[in-house]
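Colleague: I am new to reading models like this one. Please pick a single part, look at it closely with me, and then show me how the rest is arranged.

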Amino acid sequence: LKLNFGGSIISGGVCPLSQTATFGEEGCEIWKHSAPSDMVASLTFNTLQVQMVRSPLSHLASWEKAGYDLGSCADGLGVPCNLHGHSYPGGVTEVWNRYMQGYESAADSHDNVITIEYERLVLDPGSVMQEIAHLMGWSMDGPVKIVGAAAKDHGEPVGRAKAIEKLKTMSYLNQGYIASTASQRSACSELDSAMMRKHMIPLDNPRSYAADCSA
């Protein structure tokens, strides 16, 4: 995501409060898949760390399509994961739990760390960009330009309209191994229910992430 007013959201953080900062500069080397504790360790006072979260079963379904650094452990439940020097013997549900818990801890202990729900970015990108701009101390020049096309060319991507439809209909529950009732029950028994209840999807009838496990 690129902000027209001179900064860019990169790899899980916003590079320093400078109109000329580029990736690789001091305080800007934050890999987007890093464990939250590692990201905070790289955080500097002049950097805004933006953490994006996603409802769990939707996230698991997405990881199955494109697991990136998770590799084959994203192909199902209960397969131990190793990610950037950290082990997750419980598999993808443990990855989701520990990242969510780590993100919450980072945001609670640092004024320059914020958490954004993926669903909110999809549904209301303008307010998300306004929030980030405000925290950066910048004003936005004109409306946010919303890109409707798919943002990548792998992992069976969809554009914004289809992403909104999936959020409204929860059709991701019919995708891949997570479409199995047994898989949904198993995943939900392992996911952090308290964490799920804390995050909302801002639809006309808002629902929490916990709705993934009560549909």
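Modeller: Happy to! Helices (DSSP runs of H or I, at least four residues) and strands (runs of E, at least two) are numbered from the N terminus. With that rule, Ser183 lies in helix H7, and this is the part I would like to start from. Please keep in mind that this is a predicted model, in which local features need pLDDT of at least 70 and side-chain atom pairs count only at pLDDT 80 or more, while totals for chains, interfaces and linings use all residues. Residues are numbered from 1 along each chain as its sequence is written, and side-chain values use heavy atoms, with hydrogens and water left out.

Is Ser183 buried or exposed? Buried means under 20% relative accessible area, exposed means over 50%, and partly exposed is in between, with a 1.4 Å probe and protein chains only. Ser183 has a relative accessible area of 16%, so this residue counts as buried. Its neighbours come next, and a contact here means heavy atoms within 4.5 Å. Setting aside residues up to four places away in sequence, Ser183 touches Leu77, Tyr177 and Ile178.

With the same exclusion of residues up to four places away, Leu60 touches Leu77, Val92, Thr93, Tyr177, Ile178 and Ala187. A second, separate core has 12 residues, including Leu121, Val128, Ile132 and Ala133. By core I mean a nonpolar core, a set of buried Ala, Val, Leu, Ile, Met, Phe, Trp, Tyr and Cys residues joined through side-chain atoms within 4.5 Å. In soluble globular proteins, nonpolar side chains tend to be buried together.

The largest nonpolar core has 33 residues, and Leu57, Leu60, Trp63, Leu70, Val92 and Trp96 are those with the most contacts inside it. Two or more residues of this core come from each of helix H2 (56-65), strand E4 (81-83), helix H3 (92-109), helix H7 (181-190) and helix H8 (193-198). H3 gives the most, with six residues.

Since Cys188 lies in helix H7 and Cys213 in the segment after strand E8 (207-208), the pair ties together parts that are 25 residues apart in sequence. Cys188 is buried at 19% relative accessible area, whereas Cys213 is partly exposed at 31%.

The structure holds two disulfides. Another one joins Cys73 to Cys81, at 2.1 Å from S to S. The link of Cys73 and Cys81 is right-handed, with 105° about the S-S bond. Here Cys73 is buried at 3% relative accessible area, and Cys81 is buried at 2%.

Rings of Phe, Tyr and Trp (its six-membered ring) pair if their centres lie within 6.5 Å; planes under 30 degrees apart count as stacked, over 60 as edge-to-face and the rest as tilted. The structure holds two aromatic pairs. Tyr88 and Tyr99 form a tilted one, 6.2 Å centre to centre with 45° between the planes. Tyr88 lies in strand E5 (residues 86-88) and Tyr99 in helix H3, so the pair ties together parts that are 11 residues apart in sequence. Tyr88 is buried, at 2%, and Tyr99 is buried too, at 9% relative accessibility. Tyr99 also pairs edge-to-face with Tyr103, at 5.9 Å centre to centre and 85° between the planes. Tyr99 and Tyr103 are four residues apart in H3, so about one helical turn separates them. Tyr88, Tyr99 and Tyr103 form one aromatic cluster.

Finally, a look at a strand and the whole chain. Strand E3 (residues 48-53) is mostly covered, as five of its six residues are buried. Strands pair if DSSP finds at least two bridges between them; five bridges join E3 to strand E6 (residues 113-117), and the two run parallel. Met52 stands opposite Ile116 in E6. Overall, the chain has eight helices and eight strands, and 48% of its 215 residues count as buried.

Terms used:
Disulfide = S-S within 2.5 Å.
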